[in-house]
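Subject: Structure for you to look at

Hello,

Here is the structure I said I would pass on. Please open it first, then read the notes below it.

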Amino acid sequence: LKIAVSTALPPPGQANASSLNLAFVRKELSKAKENVLRFKEIVKSAAEAGEAGGGRMGKSKQQKDDKSRTMYERMGGDLNLEALVEVVYGKAVVDSRVRSFFEINARKLQTIRKKMFQFLSGFLGGPKLYDSTNVKPSHYHMNITDFHFDAMWDLYADSMKEVGIHPDCAKDFLAAMNRVRKDITTGCTVRMELAQKNMEKGKDGLFKRLDGESGIRNIMDRFFDQVLVDTRIKGFFMGKNHDAVKEGARIYLTEAFGGPKIYKGRELAEIHTAVGVSDYEFDCFLLNMERAMSGLAFDDETVDEVIVCLEPIRPSLLGRARGLAARAKVVDGQTVLERMGGEQAVEGVVETMFAGLILDARIRSYFEGIKDRISDVRQKFAAVAVGGFGGATTIGEKVVRKAHYGMNITDYHFDAMMENFYCACELMDIEKEVIVDATDVLWMVRNDVTA
């Protein structure tokens, strides 16, 4: 109502300059009335659910999810969508995995929230309030990796439970969101891929572009000047011999960047066991490294290569598992593999899934030319799944990417495969919560399969 009136009124000091726009006010008041009526219906539903002992959340899980409607309508329209965005970003600004991206002033953060709501509105079948072609360029120069995307994905999954989105609708929403993964992470992926290609030619080239040992020494001087005044991470160095820490880091990184192998210190995991570094602090270190190198006029390609070298250090500093197995969702001490019933159960699901894949009109063409090798492909898929679900990793991401590189597999085909996997799990009587977690893990290889 305030917006309607303030928009219709003439500017301050110009009361006689123009008349009140009555048509606009009537239109806005009509919209406000509709929103009030919808809100009353929500309150009424919540009250009825409360009387039944289920509360708002219980009601949302009991009500039917009409899949004939648009996702926008299934989620409850703009009120629920706006509430979801508010809850998600309220979590994001304190989540150690992504909060470094949101350390901005309140006005800018509110603008980001608004744009996210506008994007989701059109993306889910509601009013188109945002030009979706801006998604990729607006994120291109941000170092958003799959890890960061997955963190936001997790926040949406948790927040939808709080807002009261129907579980089936929530599952479909998360699947839809995964289709924009590439638009969000493309910029970082492209830069990292180019940097990785350069690294494969040998790190000695990077060492030379950094101006050798003297150049790395200059970088570390600038880097530590910044770190020791950065309120987010300077606490890690309180009471420490700064010169000794800097020298140890310089020697380690000299070797990591392709210089002489002279580091003889302890393993990083051992050094940082009791330090308690989170993803947030590690991201802050990377940001300071980028700033230090940019301040010394290194080109973007060289900076990207340095970040490629530093990113694999993250698991060691945080005491985290590496590879696909790091994505296994552990619940009550059990991995996805254990919750599914072990390797034989996974192999059974994969066999059932492939029975559907070779008949699915969307993707069966990929299997028509390899009928004599389908058994081998099935076994390899099972091996990737077992490793991702928390078992022994025998096939890594690089092998998966290389095997699919020239096959022109699109997101459409990948989604079809995932639907078959989900159905196979249901046919094998896997618990729904376990199916969701297993599906989440397999989503992580999308970029490798569709690259």
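This is a predicted model: local features need pLDDT of at least 70, side-chain atom pairs count only at pLDDT 80 or more; totals for chains, interfaces and linings use all residues.

Side chains of opposite charge can pair when their charged atoms come close. The structure holds 23 salt bridges; three of them are described here.

Start with K171 and D172, whose side chains form a salt bridge with 3.7 Å from N to O. D172 counts as buried because its relative accessible area is 19%, and the limit for buried is under 20%. K171, at 29% relative accessibility, is partly exposed. This pair also belongs to a network of salt bridges that links K67, R74, K171 and D172.

Next, look at R217 and E247, which form a salt bridge with their closest N and O atoms 3.9 Å apart.

The last one joins R362 to E419, where the closest N and O atoms are 3.1 Å apart. Here the pair links distant parts of the chain, 57 residues apart: R362 is in the loop between α19 (343-357) and α20 (365-368), while E419 is in helix α23 (residues 411-427). R362 is partly exposed at 28% relative accessible area, and E419 is partly exposed at 43%.

Regards

Methods. Residues are numbered from 1 along each chain as its sequence is written. Side-chain values use heavy atoms; hydrogens and water are left out. A salt bridge is a side-chain nitrogen of Lys or Arg within 4 Å of a carboxyl oxygen of Asp or Glu. Buried means under 20% relative accessible area, exposed over 50%, partly exposed in between (1.4 Å probe, protein chains only). Helices (H or I, at least four residues) and strands (E, at least two) are DSSP runs, numbered from the N terminus.
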